[in-house]
Amino acid sequence: MVQINGQPVSDAAGRTLTEYLTQAGYTLNFVAVEKDGAIVPRVQYGDTVLCDGDTIEIVQFVGGG
C-alpha cells in the first residue's frame with residue numbers, strides 16, 4: 001500500500017506518478033511531489049513508479065490575491 005498525503009491508497013502501487021496524478025485530478029504543472037522524503041523533479045513523473053511502502057506527499061499550488 002502507498003501512503004499519499006497521510007492516507008493509505010490501495011490502487012496506486014504499480015502506477016507512475018503521472019498516471020496517479022492525472023487520474024486523481026491534479027494538474028501536473030501546479031503540483032510538487034515528494035517521494036520518501038525527496039522531491040521528484042517533474043520531468044521524472046512519467047518514469048517514477050509507485051511501490052508498496054512508498055510515502056508520497058503532494059502539494060498543489062493555488063493562485064489568488
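The following dialogue explains some terms applied to this predicted model.

User: What kind of model is this, and how are residues numbered?

Analyst: This is a predicted model, in which local features need pLDDT of at least 70 and side-chain atom pairs count only at pLDDT 80 or more, while totals for chains, interfaces and linings use all residues. Residues are numbered from 1 along each chain as its sequence is written, and side-chain values use heavy atoms, leaving out hydrogens and water.

User: Why is R15 called buried?

Analyst: Buried means under 20% relative accessible area, exposed over 50%, and partly exposed in between, with a 1.4 Å probe and protein chains only. R15 has 17% relative accessibility, so R15 counts as buried. Of the 65 residues of the chain, 28% count as buried.

User: Where is R15 found, and what is R15 in contact with?

Analyst: R15 lies in the loop between β2 (7–9) and α1 (17–23). Helices (H or I, at least four residues) and strands (E, at least two) are DSSP runs, numbered from the N terminus. Apart from neighbours within four places in sequence, R15 is in contact (heavy atoms within 4.5 Å) with Y20, Q23, T48, V49 and L50.

User: How do you know that the radius of gyration agrees with a compact globule?

Analyst: The radius is taken over C-alpha atoms, and the globule rule is 2.2 Å times the number of residues to the power 0.38. For 65 residues a compact globule would have a radius near 11 Å; the chain has 11 Å, and therefore the value agrees.
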